[in-house]
Amino acid sequence: MFSRILVKLIDEAIVPAITLLVVRLVSALLVARYFGLPFSVGSTGFIYQSKQDFLIINSYSTLAMILVLAIGLLYVLVKSHLFHDSHVHPHTAAKLHSLKLSSFIQTSFDLYSQGAIWLSYSYLLLIASIIMVYFGLLYSWVVWVSVVLNFISTYLFIIDVEKEGNLKKSGNSDEDITVISWGEDEI
Amino acid sequence: MKNHFANLSLLAVLLGLLSMPILGYGMLMSYEPANQVLSETDTRGDVLDEPINYDFRHVTIENEENTVEDITELREEDTFNPSEYFPAQNE
């Protein structure tokens, strides 16, 4: 019997992996075109004519990957904070149902597996960026952008996990959770 | 036991997927400096068309013992005979 968590993680990892690779390729082409930097395509991929060209394209291409990771993380974080089935606002839930967008409301298992995958990519990219800066293949400001993204997204993710943990600790059902979380609501 | 192997293989797949963009990322790009064009006066690496004529006129002999006469004597004593080395040409 396969582990349910591992199968879910693999399922969630495929789309970001392909997206990041495509972004890398497209951004490398676009940046080279924008800066007018010559390159050739060989068996090892894109070959640039100088280290300076490589530095420029690598930096902006990495930045594009960081931006895509930021969009992915933002999507997961918005879902986990606003459309998490354990603490979704009743008005939001009703509205989503009326718009036939109830699929936006997801379970903790779905949201956390997505968050874990996107965060893993983000941290792996940060590690790779640090190594490249060490070897002079990347501008150092790119690493700082990545650090800020990782810091904010990890913090927001932890807040949601903590909120979920507190709700679980109180041992209430979904209906009761609504009353506790939004005490000001007249429900 | 079978479960463990199955899950370990799943974990390997997951790690492969996670590292794919990062490893592929490094392998996609490289740089190869083209033959650098140096300045016109820089002839390093060039094949010379003509032999170099060394000009020692600017060289001064600082050693007092070695005067111009001494050097002339040394030249006269030079017993280098090309025929010893290139007999075929002399014949």
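I began with Lys8(A), which is buried at a relative accessible area of 16% (buried is under 20% relative accessible area, exposed over 50%, partly exposed in between, with a 1.4 Å probe and protein chains only). I note that this is a predicted model, in which local features need pLDDT of at least 70, side-chain atom pairs count only at pLDDT 80 or more, and totals for chains, interfaces and linings use all residues. Residues are numbered from 1 along each chain as its sequence is written, chains are lettered from A and ligands numbered from 1 in the order in which they are written, and side-chain values use heavy atoms, with hydrogens and water left out.

**Entry: salt bridges**

I looked up the salt bridges (a side-chain nitrogen of Lys or Arg within 4 Å of a carboxyl oxygen of Asp or Glu) and found two over all chains. Asp110(A) forms one with Lys8(A), the closest N and O atoms lying 2.8 Å apart. This pair links distant parts of the chain, 102 residues apart: Asp110(A) is in helix 4 (residues 108–134) of chain A and Lys8(A) in helix 1 of chain A. I take helices as DSSP runs of H or I with at least four residues, strands as runs of E with at least two, both numbered from the N terminus.

Glu12(A) also meets Lys8(A) in a salt bridge, at 3.0 Å from N to O. Both residues belong to helix 1 (residues 4–35) of chain A and are four residues apart, so about one helical turn separates them. I recorded Glu12(A) as buried, at 16% relative accessibility.

**Entry: aromatic rings**

Phe39(A) and Tyr48(A) are a tilted pair, because their planes stand at 50 degrees, with centres 5.9 Å apart. Tyr48(A) is buried at 1%, whereas Phe39(A) is partly exposed at 32%.

I then examined Tyr60(A) and Trp141(A), an edge-to-face pair with 5.9 Å centre to centre and 65 degrees between the planes. Tyr60(A) lies in helix 2 (residues 51–82) and Trp141(A) in helix 5 (residues 140–170) of chain A, so the pair ties together parts 81 residues apart in sequence. I noted one aromatic cluster formed by Tyr34(A), Phe35(A), Tyr60(A), Tyr139(A) and Trp141(A).

Terms used
Rings of Phe, Tyr and Trp (its six-membered ring) pair if their centres lie within 6.5 Å; planes under 30 degrees apart count as stacked, over 60 as edge-to-face and the rest as tilted.
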